[in-house]
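The structure is shown first.

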Amino acid sequence: MQRYSVLSLARNAIRHHEGWQQAWRSPDLKSEYDVVVIGGGGHGLATAYYLAKEHGITNVAVVEAGWIGGGNTGRNTTVIRSNYLFPQSAKFYDFSLNLFEDLSQELNFNVMLRQAGMLTLLHSRHDVEVMRRNLNSMHMNGIEADWIDTSEVSRLAPGLNCGADAHYPIQGAILQKRGGVARHDGVAWGYARAADALGVDIIQQCAVTGFDIKNGQVQGVQTTRGTIKAKKVAIAVAGHSSVLADMAGFRLPVTSLALQACVSEPLKPVFDVTIMSPTTGVYISQSDKGEMVMGGMLDMYPSYAQRGNIGTLEHIIAGIVELFPNLSRVKLMRQWAGIVDIVHDSSPIIGHTPVEGLYINCGFGTGGFKATPAGGWTLAYTVAHDKPHKLNEAFTLKRFETGEFIDEMGAAGISH
Amino acid sequence: MMKITCPWCGVRGEEEFTHGGPSHLARPVVGDNPMGDVSDADWADYLFMRDNVKGVSLERWGHIQGCGQWFNMARDSVTHEIHAVYKMGEQPPEGWRS
Ligand SMILES: Cc1cc2nc3c(=O)[nH]c(=O)nc-3n(C[C@H](O)[C@H](O)[C@H](O)COP(=O)(O)OP(=O)(O)OC[C@H]3O[C@@H](n4cnc5c(N)ncnc54)[C@H](O)[C@@H]3O)c2cc1C
Ligand SMILES: [Zn+2]
């Protein structure tokens, strides 16, 4: 792998940027691998990377139906935080945040992490009471987060209507300073490049169409480019999890819904924190390019169409304009949606499936970008050892039978 | 934007309606005792496991911002095309049965 550095940048600039190597190969598909990872989103690519890096399993293929990062990984609004409610989630997401903090060095790829803070706005006495309680559990879980008052909020977020005249007056906020944003496709590309350098084959434009299963044990997968033998297969396809599970003969507690987001035309820098307002159901950050990145609630019915409907978009815009009246004349530049995998307790499923040798990572729903490093790390561990790591042992498929839910619904901000 | 034909009110915009999950889920019973001992696995299957079909699925919808009535729909989850609307308690029309 050609290492990226200031020096290599200078050297290549002198040579008119004609000396850059391909970031990863486009190898031919082999007929057999030790592990096949289905889905070339962040989670699948990270799984392959950690399999190679942490467990020495390098005979691995990542099989992607479209192009890597073309699913939710390249469609999300890149909010990163770990201010969850329950100990299991707090540990898991904080581990992910730790990995994120070193990720650019680890992968030798700038994922443009910006830890400018994550603000959760509180608009009523009830918001305040609930969030004070959540703040206490964050502290008990060792997650650093602070209560801040309205004057501090207005300092951090110029333009935010903090006046008493606001329809939903701001009563204060919770700030997680280590929260922030990163470049989403940078994360996919960084993991892809680093995994490729360790010998992983990244196969794009190759969709899995079925499984070979004998006596309850996976033998391999069928794809649009032929059959691949593998004794271990890991699924990381987010919104398409139920489709893959159906091919393998089981069902999941997952419903696929469209989640949309939009960006405005670029503006001069206004604020660098990410702002979430559970009451109005919207959140906003400003990208490094200056665009306002905005999102909100799900389109509330099942969908595999990667678009969103206008009603939800109107809700998002209305909420944003309520918070930032001076953005009302700003033009929208793009709107899009991704298909997210929603489960009943808003927590992921990472681990075994009813088929032996077949593992799954799904259920991250609206909030799995921040979990990309930890999702890949724990899935790789589970595949390598055929048992979950401490960090994901609670996130089983079995919990839907035993009732050991980790209900993070609305616990620490809105959906992301 | 979907236009949904409520069996009672006719064609309305989708924002008047609420999706209410899959239709025709049968509550598990053991023998003929409705309070019988259903296994945890069967309960989990009934309560949480979903077909989550990519393609035509049979769903319950409520005209919640209208007449308040519930009904069934055969709707394509990829194109959002609505193939059939039928009342609660009815079976899906010919061609849309799974
Ligand atoms: C609008 C939006 C905003 C979001 N905002 C945030 C946020 O701010 N913070 C946050 O943490 N999370 C956010 N999320 C959620 C986050 O994007 C996802 O949880 C996460 O990216 C999932 O990553 P993944 O790798 O599992 O899935 P994906 O990136 O979706 O990758 C799955 C891949 O599997 C491939 N695939 C599917 N079927 C097959 C098949 N049969 N064969 C081969 N490949 C297949 C797909 O093509 C796809 O590339 C948001 C999501 C959306 C849509
Ligand atoms: Zn009606």
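Which side chain meets that of Arg178(A) in a salt bridge?

The model is predicted. In it, the side chain of Arg178(A) pairs with that of Glu101(A), with an N to O distance of 3.0 Å.

Side chains of opposite charge can pair when their charged atoms come close. Over all chains, the count comes to 20 salt bridges. Between chain A and chain B, the count is two. In one of these, Arg251(A) is joined to Asp45(B), and the closest N and O atoms are 3.1 Å apart.

## Contact between chain A and chain B

Chain A contributes 23 residues to the contact, and chain B contributes 23 residues. The area buried between the two chains is about 2,000 Å². Carbon and sulfur atoms give 54% of that area. On the side of chain A, the residues that lose the most area to chain B are Arg251(A), Tyr301(A) and Tyr304(A), which together account for 35% of what that side buries. Arg251(A) is also the partner of Asp45(B) in a salt bridge.

There are 14 residue pairs in polar contact between chain A and chain B, counting pairs with both residues at pLDDT 80 or more. Four elements of chain A give two or more residues to the side that touches chain B:

- helix H7 (241–248)
- strand E13 (255–264)
- strand E16 (292–302)
- helix H10 (399–402)

E16(A) gives the most, with three residues. By residue class, the side of chain A that touches chain B holds 13 nonpolar, seven polar and three charged residues.

## Chain B and its zinc site

Chain B has one helix and six strands, in the order β-β-β-α-β-β-β from the N terminus on. Its C-alpha trace spans about 45 × 30 × 25 Å along the principal axes.

Which residues of chain B coordinate the zinc ion (ligand 2)? The donors are Cys6(B) (SG), Cys9(B) (SG), His63(B) (ND1) and Cys67(B) (SG), at 2.0 to 2.3 Å. In sequence these donor residues follow the spacing C-x2-C-x53-H-x3-C. The arrangement around the zinc ion (ligand 2) is tetrahedral because the four donor atoms subtend angles of 103 to 119°.

Methods
Residues are numbered from 1 along each chain as its sequence is written. Chains are lettered from A and ligands numbered from 1 in the order in which they are written. This is a predicted model: local features need pLDDT of at least 70, side-chain atom pairs count only at pLDDT 80 or more; totals for chains, interfaces and linings use all residues. Side-chain values use heavy atoms; hydrogens and water are left out. Contact means heavy atoms within 4.5 Å. Buried area is the accessible area (1.4 Å probe) that two parts lose on being put together, summed over both. A salt bridge is a side-chain nitrogen of Lys or Arg within 4 Å of a carboxyl oxygen of Asp or Glu. A polar contact is a pair of N or O atoms within 3.5 Å; within protein, one must be able to donate a hydrogen and the other to accept it, and residues adjacent in sequence count only if both atoms are side-chain atoms. Ala, Val, Leu, Ile, Met, Phe, Trp, Tyr, Cys and Pro count as nonpolar, Asp, Glu, Lys and Arg as charged, and the others, Gly among them, as polar. Donors are N, O and S atoms within 2.8 Å of the metal (3.2 Å for Na, K and Ca); water is not among the atoms, so sites may look incomplete. Four donors count as tetrahedral if all angles lie between 85 and 135 degrees; four count as square planar and six as octahedral if opposite donors are over 155 degrees apart and all others between 65 and 115; anything else is irregular.
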